[in-house]
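Student: Could we go through this structure together? I would like to begin with the whole chain and then look at some details.

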Amino acid sequence: MMHFIKLIRPINLLIIAITMYGVRFYILEVHYYEKVKDNALDFFLLVFSTIIIAAAGNIINDYFDVRADRINKPERLIITKHIERRSAILIHWIFNGIAFGIALYLSVKYQSLWFVFIHLLSINSLWFYSMLFKRKVIIGNLIVAVLTALVPILAVVYFKVGNTYHLAFSEFKSDSWIAIINYDFFYVLAFFAFIQNLAREIIKDMQDVEGDKLIYATSLPMILGEKKAIWVVTLLLSILPLFYLIFSLVYAKAVFEGIHYYIATIPFILVVVINLVVVFLSFKDQTKRLKLYDNLIKISMLIGVLSTFYIASLATF
């Protein structure tokens, strides 16, 4: 059982759940004075389906990476060593089947194909990523980064779909009341997640070069070399300070209406500082501290995830 738990990466799954519930907490707390349509069970099912799709993605990724993992991570090899390949692929399809069933239920109930579309997109993207695109230059990195950024967006889709009505407005008919929700903050969060995860995926490729050669993968570090690849990472992470500056000057007041925007953007400042530390260290030591860079980016991403709870709590004061 413990080997199965390790296989599905429980910490990553927990972060997905925290991210989505953070979006829900933010929307309900910041818009406490409005009638926001929300069903706790339906949202739980959405989070659960997202988690098991991610778990299935982790399983199929390890399924196709057995040869590489014998070199890169022999101590973490689970499939073939503790779990049979046939069992792994069966669990993968069971998880995806359950998730797709939940998507069908949500799409029928909310009369929207978005849930089916996003779930099918995620399931197929993870399959083709593990089987094919992971071995292609930058394409695999982009897929993982996009799917990571899609997690908060999926929660946004739930609230957008649930709070869109086609009835004529009447102050006497509560079914026609529409909550005016500003989702811009979550798009900013998704953009930060995309950039950071793309940079982190390149760093992971730099750590896995030897094993990737066995499965005939062609990663960015293998094409450009490690020194040039780390320059790509620094360039990506340097986008975030510039983006934060533009965001804080132009959009922050509108996004965090009613909340002191300098206080609200403290998590973004921390994220920017951590990423600048990675940029500085990469200039100084280049590829000598890849594990440190990876850990620092993970910390900055965790801060971004928790920022929803922090900012929402400010709205109650």
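**The chain as a whole**

Tutor: Of the 317 residues of the protein chain, 52% count as buried, where buried means under 20% relative accessible area, exposed over 50%, and partly exposed in between (1.4 Å probe, protein chains only). This is a predicted model, in which local features need pLDDT of at least 70, side-chain atom pairs count only at pLDDT 80 or more, and totals for chains, interfaces and linings use all residues. Residues are numbered from 1 along each chain as its sequence is written, and side-chain values use heavy atoms, with hydrogens and water left out.

Student: How many helices and strands does the protein chain have?

Tutor: There are 14 helices and 0 strands. Both are DSSP runs numbered from the N terminus: helices are H or I with at least four residues, strands are E with at least two.

Student: What about helix α2, how far does it reach?

Tutor: Helix α2 covers residues 10–30, and its 21 residues reach 30 Å from the first C-alpha to the last, close to the 30 Å expected at 1.5 Å a residue. The expected span is 1.5 Å times one less than the number of residues. The buried residues of α2 include Leu-13, Ile-16, Arg-24 and Tyr-26.

Student: New topic: how do the axes of α8 and α14 cross?

Tutor: The axes of α8 (residues 184–207) and α14 (residues 290–315) come within 9 Å and cross at roughly 165°. Axes are lines fitted to C-alpha atoms, for helices over the stretch in contact, and angles run from 0 to 180 degrees between N-to-C directions. The two helices, α8 and α14, are therefore roughly antiparallel to each other, a term for angles over 145 degrees.

Student: And which residues make that contact?

Tutor: Among them are Phe-185, Leu-189 and Arg-200 of α8, and Tyr-293, Asp-294 and Ile-311 of α14. Contact means heavy atoms within 4.5 Å.

Student: Where is Arg-9, and what is its phi?

Tutor: Arg-9 lies in the loop between α1 (2–7) and α2. Its phi is near 55°, a positive value in a residue other than glycine. Most residues other than glycine have a negative phi.

Student: Is Arg-9 buried or exposed?

Tutor: Arg-9 counts as buried because its relative accessibility is 19%.

Student: What is the phi of Ile-138?

Tutor: Phi of Ile-138 is near 65°, also a positive value in a residue other than glycine. Ile-138 is in the loop between α6 (114–131) and α7 (139–162), and is partly exposed, with a relative accessible area of 26%.

Key
Angles under 35 degrees count as roughly parallel, over 145 as roughly antiparallel, 65 to 115 as roughly perpendicular and the rest as oblique.
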